[in-house]
Amino acid sequence: MKILALDSSGLVASVAVVEDDQLLAEYTVNYKKTHSQTLLPMLDEIAKMIELDLETIDAIAVAAGPGSFTGLRIGSATAKGLGLALKKPLIPVPTVDALAYNLYDSTGVICPMMDARRKQVYTGIYRFADHELVTVSRQKAIAVEELIRELNALGEAVIFLGDGVTVYQEMLKENMQVPYSFAPAHLNKQRAGAVGALAEKYYREGKTVTAAEHQPEYLRVSQAERERAEREAGKK
Amino acid sequence: MSAKDVLILAIESSCDETAASVVKNGRTILSNIISSQIALHTLYGGVVPEIASRKHIEKINQVVEEALTEADVTLEDLDAVGVTYGPGLVGALLVGVAEAKAISYAKKLPLIGVHHIEGHVSANYIEHPDLKPPFMCLIVSGGHTHLVIVKDYGEFEILGRTRDDAAGEAFDKVARAIGLGYPGGPKIDKVSKEGNPNAIVFPKAKLEDPYDFSFSGVKSAVLNHINRCKMQGEEICEADIAASFQKAVVDTLVEKAVKAAKEHHMDKLAIAGGVASNSALRQAMKEACEREHIRFYYPSPIFCTDNAAMIGVAAYYEYKKGVRHGWDLNAVPNLKLGER
């Protein structure tokens, strides 16, 4: 089984090819260029490097959200275009789950967090049990204070990762009442390798969608819809 | 289809229509699929960029597949993929650009980024096989008002542009003010048919540059007129306001376009863009051109609105010139006409 994986959900752009529990290639860039300019040239680069015939892949995995709305759509549209052209299924992988998978089989709880603006983070709480990723708290957008309360209540050591850590590090240091640590540089951001590895598992479980069906999971409505709902609620 | 035929798949997602088309040899439209989002945005009185982008990603594959099916071609038959990469809403453009890049990359097809306005101009080639540059072209839509000389395919000399609102934008704003709602263009066109275009005289902007446009003045004059009527307790006749406003805009557009054609010795004048489907503009331009012995060209309404067929036509001429874009093609929301 050969899977092409894409992640452009956050600041990082990452492309990988995973085949039968082996990572054939991965290209990850954490730089200011837009994903629209980097993602496809990165895929082209690794495809040349490993002499990849795109027709031989079984599915295209994509970090399906949450994340930057525009970033998600660049990844999704790329995956959808590839899926349409190659007639291959897509495997949408929840972004926060894939981040947690970076820290396979670690002890304690894993808490990925991505900056979601408006003083919130996209986050979830996970642990590994019997070598399986177990969701303690599903991915969602919540205030950092609320997340900290939830983690303190769990009473277990926490490993934090994701681009939200940089933004909220001070707040975590001040308010965490359980032991915690921050994942190091090679593990603390989105990696298409992790998306691909998790996707292999999903593929075996039959969790694929058609390229036409797929759309990102934003976890939030647009600002215009939110404000409209607030106005409607205000009238009542 | 002969072996020499050039088939281009084109994608357009710069605003609120998700569209795909297959075009043969730059002039024959094999399919033209448009998924419009107008109903969604009506709730908000205008296009909401984030909602538009979300709808594009939801529909894009379906629209592309339909375009291929209706044209009865497969991706293997294609020679190139063309896509609008600007100007437009950046989030919306990015969906089409990423999709087009992925398809052309996977099928090893040349990628051609197309200027949206160049597409609108090219819409005129679809139904007029005899039309070839050079000609004068007036481009009027919700986002653009340009008066250009089309010197060659993809080559423009910009004579004038709007200093403030685009013509279509003025239609939208006035339609909102008189309670017609969104989208304003077709609604004003319709209601104007029942009104007297000479009921109210709205002022025309006087600009230093003879080919530039300004529509914020006439828009303000309409708003002031409505306010004055309300304050004095006078009854407001929407049809008369709409017709008079439309006349003011149309007169300006026709006057400048025809003057430009005459002064530049152009015997052909074309209109393009969403506002080009306005019936009063078409009629007035037709009459003025007949008077001046200028041949007048305009696309059918379906090719005036945003569509991918026009992008495929423009892409064809770029393709013939050897224009190719790389995998790093980005969306350029404020792309200037004639820029690459």
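This is a predicted model: local features need pLDDT of at least 70, side-chain atom pairs count only at pLDDT 80 or more; totals for chains, interfaces and linings use all residues.
Colleague: How do you know whether H7(A) lies in the open or inside?

Modeller: The number of buried residues among the 13 of H7(A) is zero, so the helix lies largely in the open. Buried means 20 or more other C-beta atoms, placed from the backbone, within 10 Å of a residue's own; exposed means 12 or fewer, and partly exposed lies in between.

Colleague: What makes B:His116 count as buried?

Modeller: B:His116 has 25 other C-beta atoms within 10 Å, and the cut-off is 20 or more, so B:His116 is buried. This residue is found in helix H4 of chain B. Leaving aside neighbours within four places in sequence, B:His116 is in contact (C-beta atoms, placed from the backbone, within 7 Å) with B:Ser14, B:Thr84, B:Gly86, B:Pro87 and B:Gly88.

Colleague: Is B:Asp306 buried or exposed?

Modeller: B:Asp306 is buried, with 28 C-beta neighbours inside 10 Å. B:Asp306 sits in the loop between helix H10 (301–304) and H11 of chain B. Not counting residues up to four places away in sequence, B:Asp306 touches B:Glu12, B:Ser14, B:Cys15, B:Glu17 and B:Ala19.

Colleague: Which residues does the UniProt annotation "binding site" cover?

Modeller: The UniProt record, an unreviewed entry, gives B:His116, B:His120 and B:Asp306. They are spread over 191 residues of sequence but cluster in space, with a largest C-alpha distance of 8.7 Å. Such annotations may be inferred rather than shown by experiment; their positions follow the numbering used here, and feature names are shortened.

Colleague: Where are the domains of chain B?

Modeller: Domain 1 of chain B is 7–123 + 304–321 and domain 2 is 133–297; such bounds come from an automatic or database assignment. Their C-alpha centres are 27 Å apart. In their contact, domain 1 of chain B gives 15 residues and domain 2 of chain B gives 18. The largest share of the domain 1 side, five residues, comes from H4(B). That side has six nonpolar, six polar and three charged residues. Nonpolar covers Ala, Val, Leu, Ile, Met, Phe, Trp, Tyr, Cys and Pro; charged covers Asp, Glu, Lys and Arg; the others, Gly among them, are polar.

Colleague: How many residues of each chain are in contact with the other chain?

Modeller: 31 residues of chain B are in contact with 27 residues of chain A. Helix H2 (49–71) and helix H3 (90–106) of chain B each give two or more residues to the chain B side, and H3(B) gives the largest share, twelve residues. The chain B side divides into 18 nonpolar, five polar and eight charged residues.

How values were computed
Residues are numbered from 1 along each chain as its sequence is written. Chains are lettered from A and ligands numbered from 1 in the order in which they are written. Two residues are in contact if their C-beta atoms, placed from the backbone, lie within 7 Å. Helices (H or I, at least four residues) and strands (E, at least two) are DSSP runs, numbered from the N terminus.
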